[in-house]
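I will start at the ligand and then move on to the helices and the backbone.

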Amino acid sequence: MPIIRNSDKWACRQIAASLAAFGVCRVVTSPGSRNVPLLMAVARRGDLEVHSVIDERSAAFIALGMASLSGEPVALVCTSGTAMLNYAPALAEAYYRHIPLIAVTADRPAEWIDQDDSQTIRQPKALDNIVKCSYAINGDAETATDRWFVNRTLNDAMLTAICGRKGPVHINVALATPLSQEDDIDSAETFRKISITERQDLLPTDIAREMAAGLCGKKVLVVAGFNPPSARVNRAMAQLAALPNVAVLSEGLSNIHGKGSLRASDIFMHKLIGAGHDELWPEIVITLGGALVSPALKTFLREKRPQEHWHVGINEATIDCFMALTRRVEISPDGFFPRLAGALSHLTRTGANHGSYAAAWHNAAMAYELPKVNKWSAFFAVREILRNIPSAWNLQLSNGMSVRYALANDLSRHHRVDCNRGVSGIDGSVSTAVGAANVVSVPTLLITGDMSLQYDIAALSAADLPSRLKIVVLNNGGGGIFKFVKTTAGLPELPTLINGQMNLPLEQLARAYGFHYLRACDSVQLREAVRDMIDETDRPVIMEVVTDADVNAAEMTSLYNGIF
Ligand SMILES: Cc1ncc(C[n+]2csc(CCOP(=O)(O)OP(=O)(O)O)c2C)c(N)n1
């Protein structure tokens, strides 16, 4: 393998490689010492045309002229301090003329800023108002995680500069000394480029055909996180799930009810991982929707890094949750999946597409059916409630164990399921449910823990509390999740500082705020209370479900075959 002498700083070589990967041909550099690893990296590749200009102000305008006339993005490289500020006039011009310039500026590591070390100013974000976006790179990235971050940041920066309304971006590179070390570098060193299908309403038919041809005969896993209900997506998922080489895994919050899709409950994924199952490893993963709830599903996808991962949805930035992203499809799931499903189904009908990957997943799902739970516990209660409420009701779930208990069940018969999983806070579940209940005519059922209810107690006093609101409070005397999670379960601080032991006067609160109050301490009372909750139409309802946190934790531990 040919070896070349180049900067020993991997991140700087990756910056140069990312420029080449995204079609930058020209780099205008300015002299300095802090930027030597960057100068070396761009100069020694051999595929970048490098122009040296002393004055950074002029360098940036020269780059602007090149980019404007060539129609291609042009990069800049300068040293730290005022050098960077001199890029400002040309970047401002580029910003308003929509010209893609990639300004790469060398800097010191954060700990040396404002320490009277020479040639340092506060560089990160200093050009924020005149670039599309600012990025920070650790020029000394060594660990795999640091390097993944560098790769993702570079992809993000390049895509921002060249997509949509084009424009300049700023990449600030913090570099520790020694700066100009050389090393023997494999000339075949690669850059993981994330490609993009740019924003549009519908996936164009020709691209759909091209994509389908790439998926033909491959093991394709579609994974759906939280998403609003969509009839179009549901139909497309049913079509995809009927193909021999495609498995569709959906979490309950995806609102995907399409026939054939598999419920990606955390317990199921946890057991699968424990048992190996090489036949389930995907070659291509296609994701839609937001953050996944199941840690086991995330682990599965991170460990079995697919050759390709496409994420479908309109996002401002590159989301590389499994550290394997290869394609950003900036089209809504509604606009993307029906066209893709159509194209791949066509190839299946013509005999071009085949496989047994879908069958492998269905066999695994059958082998790991959720064990029966007959003992009184929060898990049992949630399952019974979900089985017995009308399917037309909307479900709201709070964080803690509520969402996890619910997602272990098949939620496909429910009209709509939501949870604040964008950031997973426990602070506003009740208020969100009040708001949601206000704007729909069907009843809304919130299932929440007692601590989450306590946190958001102000919501109970909302002036326009709709009578269609039902709240089930899983009262286990505090944050039960912490008795089950590995990182907290055995700690001496658990009762005092972590699970917030509490004794919520729910009955008094419910009555004070005009709720119909119900209580269940066993399965017989629960059956009765669920009936009452369904029958009550004049007042909002609070149903207190009393369980023992230790019993709940023991049950989950046995369902998981161990603590998680
Ligand atoms: C605003 C906010 N603060 C803290 C947390 C951390 N946290 C996650 S779950 C949880 C406990 C939730 O307790 P509870 O609502 O009683 O549910 P349970 O654990 O019993 O299922 C806490 C404090 C959070 N997610 N959001």
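**Around the ligand**

I first looked up what surrounds the ligand in this predicted model, and I found 17 residues, the closest being Met 401, Asp 450, Met 451, Ser 452 and Gly 480.

Next I sorted that shell by class. I noted 9 polar residues, 6 nonpolar ones and 2 charged ones.

Which helix gives the most to the shell? I got helix α16, residues 450–455, which supplies 4 residues.

I then went through the contacts made by backbone atoms. At Met 401, I found a backbone N or O atom 2.8 Å from an oxygen atom of the ligand. At Gly 480, I noted a polar backbone atom 2.7 Å from a ligand oxygen atom.

How much of the ligand does the protein bury? I wrote down 77% of the 590 Å² that the ligand exposes when taken alone.

**A pair of helices**

My next stop was helix α7 (residues 205–215) and helix α11 (residues 333–349). I found that they pack at an angle of about 55°, and that their axes are 8 Å apart. That angle makes α7 oblique to α11, because it falls in neither the roughly parallel range, under 35 degrees, nor the roughly perpendicular one, 65 to 115. I also checked the handedness: α7 passes α11 in a right-handed crossing.

**Backbone details**

Last, I looked at the backbone in two loops. Between Thr 177 and Pro 178 I found a cis peptide bond, with omega about 0°. I placed Pro 178 in the loop that runs between β7 (169–174) and β8 (182–186).

My other entry is Gln 119, where I noted a phi near 55°, a positive value in a residue other than glycine. I located Gln 119 in the loop between β5 (101–107) and β6 (133–138).

Conventions
Residues numbered from 1 in each chain as written. Predicted model: local features only at pLDDT ≥ 70, side-chain atom pairs only at ≥ 80, totals over all residues. Heavy atoms only, no water. Near = heavy atom within 4 Å. Polar contact = N/O pair within 3.5 Å; in protein donor to acceptor, adjacent residues only side chain to side chain. Areas by Shrake-Rupley, 256 points an atom, 1.4 Å probe, with all protein chains shown as cover. Nonpolar A, V, L, I, M, F, W, Y, C, P; charged D, E, K, R; others polar. Axes fitted to C-alpha atoms, helices over the stretch in contact; angles between N-to-C directions. Parallel < 35°, antiparallel > 145°, perpendicular 65-115°, else oblique. Left-handed = near helix turned anticlockwise from the far one by under 90°.
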